[in-house]
Every structure is written in structure tokens, then in C-alpha cells.
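Me: I am new to this structure, and I would like to go through it with you step by step.

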Amino acid sequence: MEIPKSTKAWLLPAYNFNLIRALISLKIEEIPLKTLAENEVLIEVEAASINPSDLAFLQGGYQVVKKLPAVPGFEATGLVIAAGMNQRLLIGKKVSCFSQDEYGGTWAKHLITSADNCIIIDDSLSLYQAATLAINPLTAIGMMEMAETQKPEALLINAAGGVVPALLRLLAEKANLPTINIFRKKAQADALSNSSFHFSLCSADESFEEDLKIILSKYKSICAFDAVGGSQSGLIFNYLPSNSQLIVYGGLSNENIGDIDVLQMIFQNKKIVGFNLNDYIRNGNMDLNRKKVLDLITETKFQSSVQAEFDFEDLVKAIRTYIKNMSAGKVLIKMK
Ligand SMILES: NC(=O)c1ccc[n+]([C@@H]2O[C@H](COP(=O)([O-])OP(=O)(O)OC[C@H]3O[C@@H](n4cnc5c(N)ncnc54)[C@H](OP(=O)(O)O)[C@@H]3O)[C@@H](O)[C@H]2O)c1
């Protein structure tokens with residue numbers, strides 16, 4: 001196969017907190033592909049995903065800030081077509097991958113990334129599973145490991161219609177831990193039927209605060225996974241029983257956490273901690289992490305819905321579709 005010297009990629013010229021303006025500014029351009037370092041691979045991208053972190057990146061509100069213009073996109077699947085000296089065995093392998101490097105961005109026809117960011121996969125995975133394997137499953141696994149050190153009696157999960165929450169519920173079932181799920185839309189809350197295992201609340205209900213208080217008071221210790229931030233985090237924290245923790249892993253409300261009761265922090269042994277997948281990966285063993293992810297997906301046959309697939313040229317339409325209803329499933333961008 002001839003190795004390309006350049007590729008077509010979507011480029012972001014400037015960060016813009018106004019997401020619509022950021023989307024309008026995106027352009028497709030031909031960009032050069034650099035020489036591979038020893039540990040890097042060149043991937044012919046088959047499909048890329050869109051995640052909340054991609055939107056925050058376009059807005060300049062994410063921890064990853066690249067030199068502009070930059071290729072956005074953090075996650076994809078594709079075929080390794082070339083590799084640096086130390087990674088030749090990966091050539092010809094299908095991989096799920098992510099990249100938050102200055103150079104790489106997955107909304108492109110080709111991607112250069114470190115081999116450490118790749119999980120070798122086979123044809124048993126669907127295109128959707130392959131394109132969404134590198135970020136969310138390991139996030140859920142890493143956070144459950146944090147939760148289990150606390151030995152909670154139950155888990156609380158907000159933004160509960162998302163993919164990370166769905167994976168957390170599967171892990172909770174394995175660990176025999178009941179979950180309390182907060183949705184912002186009534187229909188979603190109703191769809192997750194109340195059972196002895198997964199309870200659901202709707203944050204739009206007038207009785208939400210009272211419902212939350214009652215259900216949290218049934219447990220002695222809870223681990224809450226918070227992807228929302230803002231006043232909802234404070235509300236949850238204040239109703240958590242003593243010896244509980246709030247693991248903050250997303251800021252979907254774009255608001256800082258507020259209204260935390262100081263006395264509860266001091267006298268009730270409650271903690272707030274952050275979770276960052278990059279730190280989890282940096283501090284762990286990548287081979288073991290890959291195994292954990294593949295075991296989870298194979299064991300549970302996890303397959304959340306894809307609401308739509310778009311061609312490479314229709315990226316902006318794809319993002320608009322995703323923003324309108326994130327809980328309807330991920331949106332894929334197909335490169336061919
Ligand atoms: N810290 C880390 O290392 C790490 C790693 C991976 C993911 N994450 C974070 O995990 C979170 C979830 O990701 P995901 O891939 O599971 O998302 P997803 O599948 O795309 O779903 C997002 C969910 O959040 C809901 N939502 C959006 N904005 C909201 C708001 N302001 N208040 C309440 N709910 C809201 C959506 O509901 P609607 O349908 O109503 O819009 C949807 O159910 C994101 O914040 C992401 O950045 C963090």
C-alpha cells in the first residue's frame with residue numbers, strides 16, 4: 001500500500017465559546033503527514049466519534065489546548081498502515097484509538113498517534129463499538145475502581161442517559177451495587193424502570209430535591225459520579241450520607257460547582273475528587289487496561305445505540321444532530 005504524505009482533515013482556526021460559531025468556522029483542508037517517531041503509527045481512519053469533550057475542545061473549554069489551526073476529534077477506529085521502528089508489528093492491524101496530542105486529531109482521513117493509544121481489535125466488534133472503545137469504557141472502569149476502594153452501599157449517577165452512565169450501570173450490576181440515576185428529561189427517567197437495582201429521578205420534577213433526599217437517606221455510604229457540575233453537584237453533595245464521595249468527571253452544565261455545605265465537608269467525612277482518564281492511563285498498565293476494556297465489552301456485549309452516521313464532508317451536520325439529543329446515542333463520522 002502506498003503511504004500518503006498528506007491527508008484531508010477538518011481544521012479548527014480558532015476556539016469559540018459560542019459552539020455554533022466554532023462549527024461554522026470548521027474547514028476541510030489537505031494537511032501534511034509528518035515522519036513517524038519510533039513509537040507512532042499512521043492510521044487510515046474508518047470512523048470517528050463525537051463526545052462531549054470534543055465540543056468543549058472546540059469551545060476552548062477543555063484541558064487539551066492545541067496550537068491553532070488544529071485538527072479536532074479525540075477518538076476513532078481504523079487500520080494501521082505504517083509504523084515507526086518499534087511498532088512494525090502493528091501494521092495491518094485494526095485498532096480503536098484516541099489522541100489528545102498536539103499533532104493528532106481524529107476528524108481526519110489519517111491520524112498519527114502513539115501506539116500506546118491503540119487497542120488492537122478484531123472483526124467481532126461492530127463499527128460503533130470499535131469507534132467508541134478507547135475513551136468511555138476505560139473511564140467507567142477507572143471510576144468504578146475508585147468507587148470500590150470506598151466500599152459504598154450504592155452509586156449515584158447523573159447525566160444518566162449517556163454512555164459512561166450506561167457502562168457504570170453494567171459495572172454496578174457486576175459489583176451488586178444499586179444505582180440512583182438522575183436524568184434531566186422525564187421520558188428518559190421513565191424508560192429506566194425503577195427496580196430494586198436501578199432507581200431513576202428526573203431533575204425537572206418539582207419534587208426532585210425531596211425525592212433525592214429520601215432516596216439518598218436509605219444508604220449509609222454512597223459514591224456519586226458527577227458529569228454535570230453547577231448547583232446540581234452541590235445539591236447532591238449536601239444530601240449524600242456521611243462517608244460518601246462525589247467523583248467529578250465532567251462539566252456538562254458549563255458551571256462551577258456551587259453551594260457545598262462546608263460543615264458537612266469538615267465533620268461528615270465527605271469527599272469531592274476529580275477523575276481524569278489521562279491520569280488513570282498514565283498511572284496504570286496499558287496492556288492490562290486494554291484487557292479490562294475488551295473483557296468488559298465481550299462479557300456484557302455492550303452496544304449502545306448509534307443515532308446516525310454521517311460522511312466525512314457532513315461533520316457539521318453530524319455535530320448538530322448529536323447536540324440536539326445526546327441521549328439518543330453517539331453519532332459517527334465515516335471517512336470513506
Ligand atoms: N474525566 C474524564 O476523563 C472523562 C472521560 C470520558 C468522558 N467524560 C465525560 O463524561 C461525560 C459523559 O460523556 P458520555 O460520552 O457518556 O456522554 P453522551 O453519551 O454523549 O451523553 C451525554 C449525556 O449528558 C446529558 N447532558 C448533556 N448536558 C447536560 C446538562 N447540562 N445537564 C444534565 N445532563 C446533560 C445528555 O442528555 P440530553 O440527551 O438531555 O442532552 C446525555 O444523556 C461528559 O461530560 C464527558 O466529557 C470524562
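Me: How far apart are the centres of domain 1 and domain 2?
Reply: This is a predicted model, and its domain assignment gives domain 1 as residues 6-126 + 303-334 and domain 2 as residues 136-278. Taken over C-alpha atoms, the distance between the two centres is 30 Å.

Me: How many residues of domain 2 are in contact with domain 1?
Reply: On the side of domain 1, six residues take part in the contact, and by class they are two nonpolar, three polar and one charged. The number of domain 2 residues that they meet is eight.

Me: Why does the ligand lie between two domains, and which are they?
Reply: The shell around the ligand takes at least two residues from each of α2 (52-58), α4 (136-150) and α5 (163-174). Because both domains give residues to this shell, the ligand lies between domain 1 and domain 2.

Me: Which residues come nearest to the ligand?
Reply: The shell divides into 12 nonpolar, 11 polar and two charged residues. Of the 25 residues around the ligand, those that come nearest are Gly161, Gly162, Gly250, Leu277 and Ser327.

Me: Which elements are included in what covers the buried residues of α8?
Reply: Helix α8 spans residues 230-239, and its buried residues are Gln232, Ser233, Ile236, Phe237 and Tyr239. The cover over these buried residues includes the helix α7 (208-216) together with the strands β8 (154-157), β11 (222-226), β12 (245-248) and β13 (271-274).

Conventions. Residues are numbered from 1 along each chain as its sequence is written. This is a predicted model: local features need pLDDT of at least 70, side-chain atom pairs count only at pLDDT 80 or more; totals for chains, interfaces and linings use all residues. A residue is near a molecule or strand if its C-beta atom, placed from the backbone, lies within 6 Å of it. Helices (H or I, at least four residues) and strands (E, at least two) are DSSP runs, numbered from the N terminus. Ala, Val, Leu, Ile, Met, Phe, Trp, Tyr, Cys and Pro count as nonpolar, Asp, Glu, Lys and Arg as charged, and the others, Gly among them, as polar. Domain bounds come from an automatic or database domain assignment. Two residues are in contact if their C-beta atoms, placed from the backbone, lie within 7 Å. A residue is buried if 20 or more other C-beta atoms lie within 10 Å of its own, exposed if 12 or fewer, and partly exposed in between; C-beta atoms are placed from the backbone.
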